[in-house]
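Thanks for coming. I will go through one model today, from the overall counts down to single residues. Please have the sequence and the structure open.

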Amino acid sequence: MRTPSGVALSLAVLLWAHEGHAAPETQSSAPPPSPLPSGVSLVLWKLSVPASAAPTPERVALGEKLFNDKRLSLDDSTSCATCHDPNKGFTDGKPVAEGVKGQKGMRNSPTVLNALFNASQFWDGRSSTLEDQAKLPILNPIEMAMPSPEAVVTKLRGIPEYVTAFQAVFKRDITYDDLASAIAAFERTQFSGNARFDRFIHGESKALNESERRGWALFNGKARCNSCHAGNAVSPLFSDQKFHNIGVAAHKQDFPQLAREGVKVVRLGDERQIDELALQTRFSELGRFLVTKQENDVGAFKTPTLRNVGITGPYMHDGSLPTLWDVMDHYNKGGVANPFLDGGMQRLGLTEPEIDDLVAFLFTLTDERFTKYNGQELARQRGRKGQRPERDTAVALGKKGNLGDLAPNPDLSVKNPADIGVYGTETLPKPASTKQP
């Protein structure tokens, strides 16, 4: 898969800084909050938040009010927070988003947490900025259903509190661009990097238990999770920000035929058309192809961040996998075969105890402000372990099918990835034993 240009720049600059060089100044940056959580990169903040988009207290307060205001929808029933509930890790806990009149879309609601660091927005990357992203759900017919930007502005101008607030913040009458700017300012304050994993990686060896440490070792070894979800100085979000076909959509689509039809329908650069196709039609399963019309993007979706993954299910772009055990089952068998399956997909050969350890580790990536909810979600998901439609142990272990050689399983007595300190430096005290079960 091609790396988006914005990601390439970000990764290059972050790597440059990680090697001890000063980050090049391409534009002035907004001053970062102080202190930033240990899991949030200062360099990444400076790259992601230009001075022109600084989340000032006034803009943030207005943006938060708009984010939670159902009057931005056609029938006053739906707000941004309907699908991005702050109490649920800025998701809604549903397979797919639900908008006005209970209409259901085709995509799962991604978290707003750390969205400010994304190289692109939405599962298919159809928006490049938070401002662009904020505009589309308000106008989408099955989300908030407002007919036009002008209709939104007219409605807000009829609400005296907003007339006053926009004048105070922007020194002018309400515009749709300023509305998006305010919502984006609020979203830029929703960063997350204060998980138990962060305490562990910065030297608190007892922050993770034995099962979780074994899961971290598997994450970097046999399970190959770090191929797309590496957690390091270059990629503190546990996402490569690229787009991959991992075979989820292959459950229900004839991709070649769908792509042939899509070529005739999609208008490149028409962001609103792509937004409606993505949420309202079977073309949704084409993923990144809707944006690029490139064959190798058919069925490809963005690698999501793993931060707070324990509380942001159900999983995948269509919310089709209810638990992290289901996610691991999907990867363990090498996904679902289709003509556009990413070349990195192959069976993993993970045993049931190893899957348990990996899931235990993934729950350590949740911000500690959600500790109670994280525990509830772990208990709920564990309660569904007996319902595993994606599980195919015979394929995963190579007893049937032919999905390539297994990744190496490192000898933990020689080198355990879980012993490595802050993103590649061995600064941790010697951790407790990582005995195999």
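**Overall picture**

The protein chain has 18 helices and two strands in its secondary structure; helices (H or I, at least four residues) and strands (E, at least two) are DSSP runs, numbered from the N terminus. This is a predicted model, in which local features need pLDDT of at least 70 and side-chain atom pairs count only at pLDDT 80 or more, while totals for chains, interfaces and linings use all residues. Residues are numbered from 1 along each chain as its sequence is written, and side-chain values use heavy atoms, with hydrogens and water left out.

Of the 437 residues in the protein chain, 54% are buried. Buried means under 20% relative accessible area, exposed over 50%, and partly exposed in between, with a 1.4 Å probe and protein chains only. The accessible surface of the chain is about 18500 Å², and carbon and sulfur atoms hold 54% of that surface. These areas come from the Shrake-Rupley method with a 1.4 Å probe; for residues, only the protein chains shown count as cover. Among contacts in the chain with a separation of 6 or more, 69% are between residues 24 or more positions apart, where contact means heavy atoms within 4.5 Å.

**A helix pair**

Next, helix 3 and helix 7. The axes of helix 3 (residues 57-67) and helix 7 (residues 160-170) come within 9 Å and cross at roughly 150°. Helix 3 is therefore roughly antiparallel to helix 7; angles under 35 degrees count as roughly parallel, over 145 as roughly antiparallel, 65 to 115 as roughly perpendicular and the rest as oblique. The axes are lines fitted to C-alpha atoms, for helices over the stretch in contact, and angles run from 0 to 180 degrees between N-to-C directions. The crossing of the two helices is left-handed, meaning that the near helix is turned anticlockwise from the far one by less than a right angle.

Which residues of helix 3 and helix 7 meet? From helix 3 they are Glu58, Arg59, Leu62, Lys65 and Leu66, and from helix 7 Glu161, Tyr162, Ala165, Phe166, Val169 and Phe170. By class, this contact has seven nonpolar residues, no polar ones and four charged ones. Ala, Val, Leu, Ile, Met, Phe, Trp, Tyr, Cys and Pro count as nonpolar, Asp, Glu, Lys and Arg as charged, and the others, Gly among them, as polar.

**Buried parts**

Leu66 and Phe166 come up again with Leu179, which touches them as well as Leu72, Ile138, Val152 and Leu156, not counting residues up to four places away in sequence. Leu179 lies in helix 8 (residues 176-187) and is buried, with a relative accessible area of 0%.

Helix 16 (residues 352-362) has eight of its 11 residues buried, so it is largely enclosed by the rest of the structure. The buried residues of helix 16 pack against helix 9 (196-201), helix 10 (210-219) and helix 15.

**Backbone details**

Two cis peptide bonds to list. One joins Ser34 and Pro35, with omega about -5°, and Pro35 is in the loop between helix 1 (5-18) and helix 2 (42-48). Another runs from Gly313 to Pro314, with omega near -5°.

Phe238 is not a glycine, yet has a positive phi of about 60°. Is Phe238 buried or exposed? Phe238 is buried, at a relative accessible area of 0%.
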